[in-house]
Amino acid sequence: MKRRTVMRLLGLGSLTALSGCDRLSQATWFPRVLGTAESVNRHLHRALGRDALAKEFTEADLSPMFPSNGTRRPMDADYQAHAARGFAAWRLSVGGLVERPRAFSLAELRALPSRTQITRHDCVEGWSAIAKWHGVRLAALLDEVRPLPQARFVVFHCFDTMDASGARYYESIDFEDARHAQTILAYDWNDRPLPMPYGAPLRLRVERQLGYKMAKYLRAVELVESFEHIDGGRGGYWEDRGYEWYAGI
Ligand SMILES: Nc1nc2c(c(=O)[nH]1)N[C@H]1C(S)=C(S)[C@@H](COP(=O)(O)O)O[C@H]1N2
Ligand SMILES: [Mo]
């Protein structure tokens, strides 16, 4: 049986389909319902094959229009300054629980082992679209900085401020997803440098998860033992507002 079919039978598909990117996160019952579904989802997903690849498509399947969701153009001054210079001075800092913390330029990232994949992006708001992504394999980047044994999660810090509280977008994944063959930090979209609406200059692609896990506008990657001390403590901007942390599809 296909993973997607199993999820649908368990009613998980309809649950995620319900969860728009803002409205339902306000409801108090929502996080509790997700708590149960999330643990079922996570264990089932993993039981079905930890290394299984998300379906890949061909050039003929590319969506003529690829939507942009959430932030399309970060207004943050630091981001705008980098964008104005074509991200020449932008660096991705990779640190936390690693032996060799380091900052990488786009040229340095482009020199590391990469992967190209044509995949379908699924947003909880109910749309899907297919695009070609090319970027550095996260596993290769991790090998460069050498994670310490106590590191359990990879946290992605973004440039865009989401609301008046000043909270910036962030996300996190575990090492199983971080080292998955299709997990890349993409710098190209459909054979050109990643356009701003899709997360320039660099965004996460973790293909077996829902769209909100795919952090855009990356500025830093941090390896941690726990994400409890980061912002709301639930591992991501939307997770802090009720979304499930494990969004496997
Ligand atoms: N930094 C950042 N990353 C983000 C978001 C965002 O608002 N800011 N939105 C998320 C959501 S809900 C989705 S569906 C995808 C949308 O990616 P796209 O704009 O390339 O379609 O990015 C995700 N990553
Ligand atoms: Mo989304």
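K55 lies over the face of F57, 5.1 Å from the ring centre. Here a charge sits over a ring if NZ of Lys or CZ of Arg is within 6 Å of the ring centre and within 35 degrees of the ring normal. The charged end of R241 is placed in this way over the ring of Y237, at 3.7 Å from its centre.

The model is predicted: local features need pLDDT of at least 70, side-chain atom pairs count only at pLDDT 80 or more, and totals for chains, interfaces and linings use all residues. Residues are numbered from 1 along each chain as its sequence is written, chains are lettered from A and ligands numbered from 1 in the order in which they are written, and side-chain values use heavy atoms, with hydrogens and water left out.

The protein contains seven helices and ten strands. Helices (H or I, at least four residues) and strands (E, at least two) are DSSP runs, numbered from the N terminus. Of the 249 residues, 53% count as buried. Buried means under 20% relative accessible area, exposed means over 50%, and partly exposed lies in between (1.4 Å probe, protein chains only). Contacts were also sorted by sequence separation, a contact being heavy atoms within 4.5 Å. Among contacts between residues at least 6 apart in sequence, 71% join residues at least 24 apart.

The largest nonpolar core has 52 residues. A nonpolar core is a set of buried Ala, Val, Leu, Ile, Met, Phe, Trp, Tyr and Cys residues joined through side-chain atoms within 4.5 Å. Within the largest core, L92, L109, L141, F156 and L185 touch the most other members. Several elements each supply at least two residues, including β1 (92–96), α5 (106–111), β5 (153–161) and β10 (218–224). β5 gives the most, with six residues. L92 illustrates the packing. Leaving out residues up to four places away in sequence, L92 touches, among others, F104, L109, L141, L185, L202, L218 and V221. Another core lies apart from the largest one. This other core has eleven residues, among them F66, W127, A186 and Y198.

Aromatic rings were examined next. Rings of Phe, Tyr and Trp (its six-membered ring) pair if their centres lie within 6.5 Å; planes under 30 degrees apart count as stacked, over 60 as edge-to-face and the rest as tilted. The count comes to 16 aromatic pairs. The ring centres of Y237 and W238 are 5.2 Å apart and their planes stand at 80°, so this pair is edge-to-face. Y237 has 5% relative accessibility, so it counts as buried. W238 is also buried, at 12% relative accessibility. One aromatic cluster is formed by F66, W127, W133, W189 and Y198.

K213 lies in the loop between β9 (203–205) and β10. K213 has a relative accessible area of 1%, so this lysine is buried. A polar atom of its side chain lies 2.7 Å from the backbone oxygen of W245. Beyond four places in sequence, K213 touches E171, S172, I173, L204, V206, E239, W245 and A247.

W245 itself lies in the segment after β10. Its relative accessible area is 11%, so W245 is buried. The side chain of W245 makes a polar contact with the side chain of S172, at 2.8 Å. W245 and R42 are 203 residues apart in sequence, yet 9.6 Å apart in space, C-alpha to C-alpha.

S128 lies in strand β4 (residues 128–137). At 43% relative accessibility, S128 is partly exposed. Neighbours within four places aside, S128 is in contact with R120, H121 and D122. Its side chain makes a polar contact of 2.5 Å with the side chain of D122.

Ligand 1 is surrounded by 23 residues. A residue is near a molecule or strand if one of its heavy atoms lies within 4 Å of it. The closest to ligand 1 are P67, N69, T71, D160 and K216. An N or O atom in the side chain of D160 is 2.7 Å from a nitrogen atom of ligand 1. A backbone N or O atom of M214 lies 3.1 Å from a nitrogen atom of the ligand. A polar backbone atom of P197 is 3.4 Å from an oxygen atom of ligand 1.

Terms used:
A polar contact is a pair of N or O atoms within 3.5 Å; within protein, one must be able to donate a hydrogen and the other to accept it, and residues adjacent in sequence count only if both atoms are side-chain atoms.
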